[in-house]
Amino acid sequence: MATIFTKIIKGEIPSFKILEDDNFYAFLDINPLAEGHTLVVPKNEVDYIFDLEDSILAQMNVFAKKIAIALKKSIECNRVGILVVGTEVPHAHIHLIPFKKESQMSLSSPKLNFSADEMVKIAEKIKIQL
Ligand code: 5GP
């Protein structure tokens, strides 16, 4: 069965898209730890990130870097952290988290709640910096 991220990539489930190319799709996390919390996902559905082909894993990091630079420019933060956990959704993904406090890098920290309008505005200000 397709993962929820495959459904998002195919447009079957809506998302606040940040960037897409032939191999990767990036979108705002629906339960963000920080404003601008973004997920980077390979279009090819692989569960465990270290099962990805070497070249895809390398390209995924370069793709994530481009977004991290845009996040740093658009969101007030100390730096953009990366996190890979993958225990909730069995589809490899990198969390990009523009954090102010180190505690925001923990998935067990409280999540923020933005309205759909706010999420659209957050995505727009990130995309301008790409
Ligand atoms: P992990 O698998 O690394 O533990 O976390 C999965 C992440 O995916 C969580 O941060 C969760 O909020 C996010 N997530 C789960 N379902 C959806 C969804 O339908 N849309 C979006 N945008 N994010 C989701």
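How many bridges join strand β1 to β2, and in which direction do the two strands run?

## Strand pairing

In this predicted model, β1 (residues 17-20) and β2 run antiparallel and are joined by 3 bridges. Strands are DSSP runs of E with at least two residues and helices are runs of H or I with at least four residues, numbered from the N terminus; two strands pair if DSSP finds at least two bridges between them. L19 has A26 of β2 as its bridge partner. The hairpin that joins β1 to β2 passes through 3 residues.

## Ligand shell

There are 17 residues around the ligand, and L28, D29, G86, H93 and H95 come nearest; a residue is near if one of its heavy atoms lies within 4 Å. By class the shell has 10 nonpolar, 5 polar and 2 charged residues, where Ala, Val, Leu, Ile, Met, Phe, Trp, Tyr, Cys and Pro count as nonpolar, Asp, Glu, Lys and Arg as charged, and the others, Gly among them, as polar.

## Polar contacts and burial

Polar contacts here are pairs of N or O atoms within 3.5 Å. A polar side-chain atom of D29 is 2.4 Å from a ligand oxygen atom. A polar backbone atom of L28 lies 2.9 Å from a nitrogen atom of the ligand, and a backbone N or O atom of I30 lies 3.3 Å from a ligand nitrogen atom. The protein buries 91% of the 520 Å² that the ligand exposes when taken alone (Shrake-Rupley method, 1.4 Å probe).

## Basis

Residues are numbered from 1 along each chain as its sequence is written. Local features need pLDDT of at least 70, side-chain atom pairs count only at pLDDT 80 or more, and totals for chains, interfaces and linings use all residues, while side-chain values use heavy atoms, with hydrogens and water left out.

Notes: Polar contact = N/O pair within 3.5 Å; in protein donor to acceptor, adjacent residues only side chain to side chain.
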